[in-house]
Amino acid sequence: MHYDGTIWRPPYEAQSLLIQATAGCTHHSCKFCTLYEDLPFKFRMSPPEEVREDLAEAGRYCRNLPWLRVFFTGANPFVLTTDKLKTLAKMVGEYCPNYQSIGCFGRITDISTKSVDELKELRALGYNGLTFGVETGDDEALAFMNKGFRASDVLEQCKKLEVAGIDYNFFYLTGISGAGRGEIGAKATAELFNQLHPLIIESSMLTIYKTSELYQEIQRGNWKEEGELEKYKEIRTLIEMAFKRAVKKTQIVFLQFGLIVLSHEPVLLMHHGEMRQHLYRLAPCGVHSLILLTRYREQFREAHLKGHGNVRVL
């Protein structure tokens, strides 16, 4: 199999067949991102012969499976033209005729280059459940982090996906708005997400690496990281607003939350290992309990929800 650098995939694609269609990121300018710094190039499409070889190899093991989902790796394979994506899908069908769907990462800007009719063609070939690193609905944060789009672009482009019948998932990055703006960012995000119908909203925590441009911004005094308490309040605000208006099919996933010591505040914490075992996906309209974790002691307790947005410590 051909893979370049570290291969990244969403946690919910754990059972998918990972095929490298692209490597790197066409944008590669988000200030916080270091995911593809181990590559000697910014972006490249995998040569068709490599993809064909990988599918042929995988097909020997997957051809007789009753169900198969393929996930094209790379930061944003959806940037490829409609014709190239169609060619890839047909190759999948040739070697893995039992495939049911194809997923990949994408940037919001990748959708803008495709018409609704083109998106419908891709949906007919199996493209579905695409994942977009929206990160936030806070325009100020999006601009500072150099994401390359605004909240209004997310709304416009994802509406096109919905018309085409393509399900999609969002990554939300807790802490991206910076100190003093956590809840502001959460409210702006909830306002945006509540106008759309993402299948999964995955929340992960912003981690700042010394090799990132964001770290240099911090050293220059241009940005300050949120404290643990503010991060907790941010995610609680997002959840409370999402619970109020969440559509039935939307699922919210929390990953790798750490210790927050509070004696008088409700705490919402998740552990990714326990998530995989017991809370693979959380449906806002059907959550009955959440798992609490203390970072240094693997000790879990349940916090029962009395109503939407009501999370308490036992």
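Start by selecting S212, which is buried, with a relative accessible area of 2% (buried means under 20% relative accessible area, exposed over 50%, partly exposed in between, with a 1.4 Å probe and protein chains only). This is a predicted model, in which local features need pLDDT of at least 70 and side-chain atom pairs count only at pLDDT 80 or more, while totals for chains, interfaces and linings use all residues. Residues are numbered from 1 along each chain as its sequence is written, and side-chain values use heavy atoms, with hydrogens and water left out.

Now show the surroundings of S212. Leaving aside neighbours within four places in sequence, S212 is in contact with K31, F32 and T34 (contact means heavy atoms within 4.5 Å).

From there, select K31, whose charged end sits over the ring of F144, 4.0 Å from the ring centre (this requires NZ of Lys or CZ of Arg within 6 Å of the ring centre and within 35 degrees of the ring normal). Then go to K114, whose charged end sits over the ring of F78, 4.7 Å from its centre.

Next, look for aromatic pairs, of which a search of the whole structure finds five (rings of Phe, Tyr and Trp, the last by its six-membered ring, pair if their centres lie within 6.5 Å, and planes under 30 degrees apart count as stacked, over 60 as edge-to-face and the rest as tilted). Select F105 and F171, whose ring centres are 5.9 Å apart with planes at 70°, so the pair is edge-to-face. Both F105 and F171 are buried.
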